[in-house]
Amino acid sequence: MARWRRPLIKVPLGTQKPRLEAPKFQLTCSICNADVDATVVGKCLTGGSELVGPGAVPGATRADGAPIFLDVYSYLVRCTRCHSGLLVLAAYGDDQANRVGYTVEPMLFPLPTTAFATSQLARDAIPDPVLENMRQAELALAAGAPYGAALLLRRALQYICRDKGATKHGLADQIAELAATNVITPHLAGLASRTKIVGDLVAHPDPKNPFAIDDEDVVRARRYTEQFIRAVYIEPAELIDFEASLQSRGVNRKR
Ligand SMILES: [Zn+2]
């Protein structure tokens, strides 16, 4: 389930060792995004091994020559704000001979999604299907499934084109149609086309070059899609709010 690709952090012996008896766990909730002292409702300690945890500490061994593995501390917690159940995995192991401990950044499940970090964006302005595609794309990327993310980004794009009145059949024609009718600028059409290409190459890979698309391409496509969404949905909504704010303060817009 978990990928422990996080770098080991060397710490003074014992200082960062998780406490199983701790009643609270400080975290940023991946569901509601609030910083909370989550209530611990269940916990267990699993001894580290080749199968569990981040693996052996490179270059460190016990007195008997055995490798040092980080133990895994699992906490089932409840967010005090939204009451969602979350799983926190922490890891710790120590090298008594050299008086040092090792840990990694704790992992939190469900994976946090930051693409559309709630408070920063006018979520109401974005259609639910678009937001859901973007949320799932973020999760897929975080879980190491960039191909899934690429398909979701293309899916979001297709929905946006139809939502904005495109009538043509294919996505390439829809993007061109929106540009021709000035619904989007040529720059936005360029961003959308690049995202479409990434999605297409994942959906219909060239047998001679099936791995043409890599993680970086998909991360870039996600950034393009986010810019597209900002321009098409969020900025127009913010502009309306700004106009209303100016008017409420009696600012003459014809100045
Ligand atoms: Zn929460």
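The structure is a predicted model, in which local features need pLDDT of at least 70 and side-chain atom pairs count only at pLDDT 80 or more, while totals for chains, interfaces and linings use all residues. Residues are numbered from 1 along each chain as its sequence is written. The protein chain has five helices and nine strands, where helices (H or I, at least four residues) and strands (E, at least two) are DSSP runs numbered from the N terminus.

**Overall shape**

- Along the sequence the elements follow the pattern β-β-β-β-β-β-β-β-β-α-α-α-α-α.
- The radius of gyration of the protein chain is 24 Å, well over the 18 Å that the globule rule gives for 255 residues, so the chain is more spread out than a compact globule; the radius is taken over C-alpha atoms, and the rule is 2.2 Å times the number of residues to the power 0.38.
- The C-alpha trace spans about 75 × 60 × 30 Å along its principal axes.
- The chain is divided into domain 1 (9–109) and domain 2 (118–248), with bounds that come from an automatic or database domain assignment, and the C-alpha centres of the two domains lie 37 Å apart.

**Burial and contacts**

- Buried residues make up 28% of the 255 residues, where a residue is buried if 20 or more other C-beta atoms lie within 10 Å of its own, exposed if 12 or fewer, and partly exposed in between, with C-beta atoms placed from the backbone.
- Of the contacts with a separation of 6 or more, 60% are between residues 24 or more positions apart, a contact being two residues whose C-beta atoms, placed from the backbone, lie within 7 Å.

**Helix α1**

- The 15 residues of α1 (residues 128–142) should span 21 Å at 1.5 Å a residue, which agrees with the 21 Å between its end C-alpha atoms; the expected span is 1.5 Å times one less than the number of residues.
- Buried in α1 are V130, N133, M134, A137, E138, A140 and L141.
- Seen down the helix axis, these buried residues fall within an arc of 165°, so they line one face of α1; the arc is that of the directions from the helix axis to the C-beta atoms.
- The cover over the buried residues of α1 includes α2 (146–163) and α5 (215–248).
- After α1 comes G144, whose phi is positive, near 80°.

**Nonpolar cores**

- The largest nonpolar core has 32 residues, of which A149, A150 and L153 touch the most other members; such a core is a set of buried Ala, Val, Leu, Ile, Met, Phe, Trp, Tyr and Cys residues joined through C-beta atoms within 7 Å.
- At least two residues of this core come from each of α1, α2, α3 (171–180), α4 (186–203) and α5, and α2 gives the largest share, nine residues.
- Apart from this core lies another, of 20 residues, among them F25, L70, Y75 and C79.

**Single residues**

- A149 touches A137, A140, L141, V218 and R222, not counting residues up to four places away in sequence.
- T103 is placed in strand β8 (residues 100–103) and counts as buried, with 22 C-beta neighbours inside 10 Å.
- Leaving aside neighbours within four places in sequence, T103 is in contact with I9, V11, Q16, A91 and Y92.
- A231, found in helix α5, counts as partly exposed, with 15 C-beta neighbours inside 10 Å.
- Although A231 and L188 are 43 residues apart in sequence, their C-alpha atoms are 8.2 Å apart in space.
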